[in-house]
Amino acid sequence: MAYSKLANLPAEFGLYSSFVGVIIYWFFATSKDITIGPVAVLSTLVGEIVVQVHDKFPEATREEIASSVAVICGGIVTAFGLARLGWIVDFISLPAIASFMTGSAINIAAGQVGTLLGNKRQGFSTRGATYKVIINTLKYLGWSDINAAVGLTALFLLYFVRWGCNTLAKRYPNRQRIFFFANTLRTVFVILLYTLISWLVNRHHRGEKHGQPEPIFSVIKDVPRGFKHMGVPRMDKEIISAYAGHIPVSVIVLLIEHIAISKSFGRINGYTIDPSQELIAIGITNLLGPFFGAYPATGSFSRTAIKSKAGVRTPFAGVITGIVILLAIYALPAVFFYISNAALAAVIIHAVGDLILPPAQLYGFWRVSPLDAIIFFGGVIIIVFSTIEIGIYCTVIVSAAVLLWRIAKAHGEFLGRIRVQTVDGREARNIWLPLQHEDGSNPAVEVPPPAPGILIYRFTESFVYPNANHYTDQVVEEVKRITKKGAPVSGYVGDRPWNDPTPASAEDIANDNRPTLKAVIFDFAGVNHVDVTSTQVLVDVRDQLDRWAAPERVQFHFANLRDPWIKRALVAVGFGKADAIAKQLFSVASAGPYASDVANKGVEQDIEALPSGSAPSKFLLLLSTDRSFHSDLDEAIAAAIKLINQPEEFSPTRSNSDYEEK
């Protein structure tokens, strides 16, 4: 009922939404704990839509506007679920969610202070940006009335009970469960206490409708018994177009609150949810809810936590909750009359206070990623000084931009090999480390570069069009730094490209002590995808490095390929067979005591060419024998060195057609 006030709707609509949420959800649920119902942030967004559209179309009731929002949002979310797009929520980062929740909590709490203090002064408004609401609250603070006594004491009591229960739970761990449920019932206790006080004070002050004076402090007043607002939702095109701009943010809130909560409690209780099925569940709930008078609802963290702690075993627990709400709708409306609005405001402020990101978690953001902490602060500031919608859009867009920037500016690593062993002197092995210790390895350990003229480069992200040029520019720059040009462009200095700073004469090249480029080895362990753009860029780099090392040709080797489609793409653009004709080193694996011995017989077949169902050998090929693809870096550098030492088999002056003929 308190959240329905945030939505600028009568109190009974909160009951309708709570009932429909738990009754419908269990048919489609994959989470046993989640509880669907009114929540603070979504109710605030609906309230803004209701006020804005009602001002523009006074003939439309606020309930009709809220119901149409629920139908539209429910239909969109259901479509996402049927299309199996539950994964789309993963693109909204945790800093974006945290800033949205924190900013919304500040916005909601600031808007409820006026009701908490009973400030009804003409000119006082809780609409507008959060900072304006805070200024108005302070400006009209002197016009508070007796409601402040109710609201402030209720708020103090809520925090006091929570502090007391948490303290006792730590002191008496054996009774922790008892204190947990006592803590969760603090809202019920406070509402019942102040409802009793309200009845004692206002039982002869029920207002003009009942022929009595107005209540001494503000109360909810009449709440109709039963479902008085059932019916077909009104779907007016003009009304829908009036709030169309708010639909995306409303859908985002529906998605992130529900999926985030259900995933969290699934991990806590050891089960996995189906995000797409959850979208169907929440979509159907919001599609059918308006027929019972409900407004948009999504997963509630506090109610879900209570169900989880209570030990529910199946989603059918929601039906039990629905029955209790149904009894309340029919049996308790007379009691609801005396619920204090100031006490409800205290409940809302207390509830949304838990949505504010704790300082310890914010410090954790800063330690893990300072940029994410900045995004969080930026989102909160935008919400405080503008609107919740703008804050959500900005944080989501900035988070996506940061993701793209990290992909586009991914830094590869130039590797060297060192020999290591365990501290007991056993298990000696080779490992490959960045030459500049970018991985945080001990800088006192010297990492020698590969053999002269050989460069090993590791990709740290997928090799795709946003980062293709950035990766290859690093390779070309390093090649020009550590190797010399193979031969002058021509006998004339003027024929050298105007932007080429390399030596132009044969004498200058002969005096350069750096080696010429022999081979480039790419470590594809971190590459999951390549595309047309990246492979074409790689071809261009091959041609550029061949010109640099001319008249010799540069070997290209690829190690640790994760996907056969990556190898297929590289072969399609000319890497592999056309690069060499020599018998390269290749890896075989022991397959048991069988007759044939591939390694001893020197079989030159590619593993891809072996007939299916052939008899197993003592040794089986891992990858290939006639391509530049290797199972690991050790094999790749050994193959490169072998070809360097066999120039008659790897002729740098032959064309591709010469290779094919031989």
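Modeller: R481 and E478 are three residues apart in helix α20 (residues 468-482), so about one helical turn separates them. Helices (H or I, at least four residues) and strands (E, at least two) are DSSP runs numbered from the N terminus. This is a predicted model, in which local features need pLDDT of at least 70 and side-chain atom pairs count only at pLDDT 80 or more, while totals for chains, interfaces and linings use all residues. Residues are numbered from 1 along each chain as its sequence is written, and side-chain values use heavy atoms, with hydrogens and water left out.

The side chains of R481 and E478 form a salt bridge at 2.7 Å, N to O, the term denoting a side-chain nitrogen of Lys or Arg within 4 Å of a carboxyl oxygen of Asp or Glu. R481 is exposed at 52% relative accessible area, whereas E478 is buried at 14%; buried means under 20%, exposed over 50%, and partly exposed in between (1.4 Å probe, protein chains only). Elsewhere, salt bridges with shared partners join E64, R234 and D236 into one network.

The search of the whole structure finds 13 salt bridges. In one of them, K263 pairs with D90, with the closest N and O atoms 2.9 Å apart. This pair links distant parts of the chain, 173 residues apart: K263 belongs to helix α11 (residues 247-269), and D90 to the loop between α4 (62-82) and α5 (94-117). K263 is partly exposed at 22% relative accessibility, while D90 is exposed at 52%.
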